[in-house]
Amino acid sequence: MEPIYGAILDKGEKYYTYLQKVFDAIGNRQTEYNWLITDCECYPKSPETERLFSQEYCLLSGDELTDIIKKEDFQWIWAVMSGFKKDIPFEEIMKHPLPHANEYEGFWKNPLSIQHPLATVEIVPWDSTLTLVLSDDKSIVDAYMAAFPLSHDLAKYNKQI
């Protein structure tokens with residue numbers, strides 16, 4: 001099993017989470033994945049986008065998610081955005097429980113873990129107060145932390161709480 005790396009950003013931003021800044025920070029690598037978005041509370045202005053994210057879950061390609069955010073970079077309060085390699089079929093993804101933001105205690109425990117067993121990256125807007133980025137690809141987490149110098153290594157953060 002691959003180790004999971006993580007970052008937490010809980011200061012330095014006026015509001016959390018605006019995905020365009022996150023995508024820019026990770027070099028737009030979100031386009032390399034398909035995304036299962038669950039446990040979502042966000043405030044887009046577009047009724048179509050609001051309907052999409054008000055469902056129990058939605059599955060989008062990285063390009064579709066990027067297009068939505070380019071049109072309207074709205075505030076995310078809660079969500080679990082699970083990223084999957086593009087060769088993993090939707091049917092396989094849905095054989096597992098849907099991830100939840102507030103109910104998942106694994107964010108705050110070491111070793112770090114991603115909720116969905118098939119996901120390789122996770123972006124979590126948490127109660128409009130912080131953002132978590134987890135991945136088995138250290139370069140994604142490193143890029144995020146370099147772009148947000150007030151962020152912390154999540155495993156080190158967990159040792160302090």
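Strands S2 (residues 33–42) and S3 run antiparallel and are joined by 5 bridges. Helices and strands here are DSSP runs (H or I over at least four residues for helices, E over at least two for strands), numbered from the N terminus. This is a predicted model, in which local features need pLDDT of at least 70 and side-chain atom pairs count only at pLDDT 80 or more, while totals for chains, interfaces and linings use all residues. Residues are numbered from 1 along each chain as its sequence is written, and side-chain values use heavy atoms, with hydrogens and water left out.

On its other pairing, S2 is linked to strand S4 (residues 76–85) by 8 bridges, again antiparallel. Threonine 38 shows both pairings: opposite this residue stands tyrosine 57 in S3, and its bridge partner in S4 is valine 80. Helix H3 (residues 62–71) packs on the sheet here, touching S2, S3 and S4, with its direction at about 100° to that of S3. Contact means heavy atoms within 4.5 Å, and the angles, which run from 0 to 180 degrees, are taken between N-to-C directions of lines fitted to C-alpha atoms, for helices over the stretch in contact.

Stepping back to the whole sheet, 7 strands make up an open, antiparallel arrangement in the order S3-S2-S4-S5-S6-S1-S7. S3 and strand S7 (152–153) sit at the edges with a single partner strand each, so one side of each has no neighbour in the sheet. Two strands are taken to pair if DSSP finds at least two bridges between them. Buried means under 20% relative accessible area, exposed means over 50%, and partly exposed covers what lies in between (1.4 Å probe, protein chains only). Helix H5 (residues 138–147) lies across strand S1 (5–9), S2, strand S5 (121–126), strand S6 (130–135) and S7, and runs at about 20° to S1.

As for the overall build, the protein has 6 helices and 7 strands, which follow the pattern β-α-β-α-β-α-β-α-β-β-α-β-α along the sequence. A compact globule of 161 residues would have a radius of gyration near 15 Å, and the 14 Å of the protein agrees with that; the radius is taken over C-alpha atoms, and the globule rule is 2.2 Å times the number of residues to the power 0.38. Along the principal axes, the C-alpha atoms fill a box of roughly 40 × 35 × 30 Å. Of the 161 residues, 47% count as buried. Among contacts between residues at least 6 apart in sequence, 70% join residues at least 24 apart.

Two residues deserve a separate look. Asparagine 158, in helix H6 (residues 154–160), counts as buried because its relative accessibility is 7%. Its side chain makes a polar contact of 3.2 Å with that of asparagine 110. Leaving aside neighbours within four places in sequence, asparagine 158 touches Phe107, Trp108, Lys109, Asn110 and Leu112. A polar contact is a pair of N or O atoms within 3.5 Å; within protein, one must be able to donate a hydrogen and the other to accept it, and residues adjacent in sequence count only if both atoms are side-chain atoms.

Glutamate 72 lies in the loop between H3 and S4 and, at 17% relative accessibility, also counts as buried. With neighbours within four places in sequence set aside, glutamate 72 is in contact with Tyr43, Pro44, Lys45 and Ser46. The C-alpha atoms of glutamate 72 and aspartate 87 are 28 Å apart, with the two residues 15 apart along the chain.
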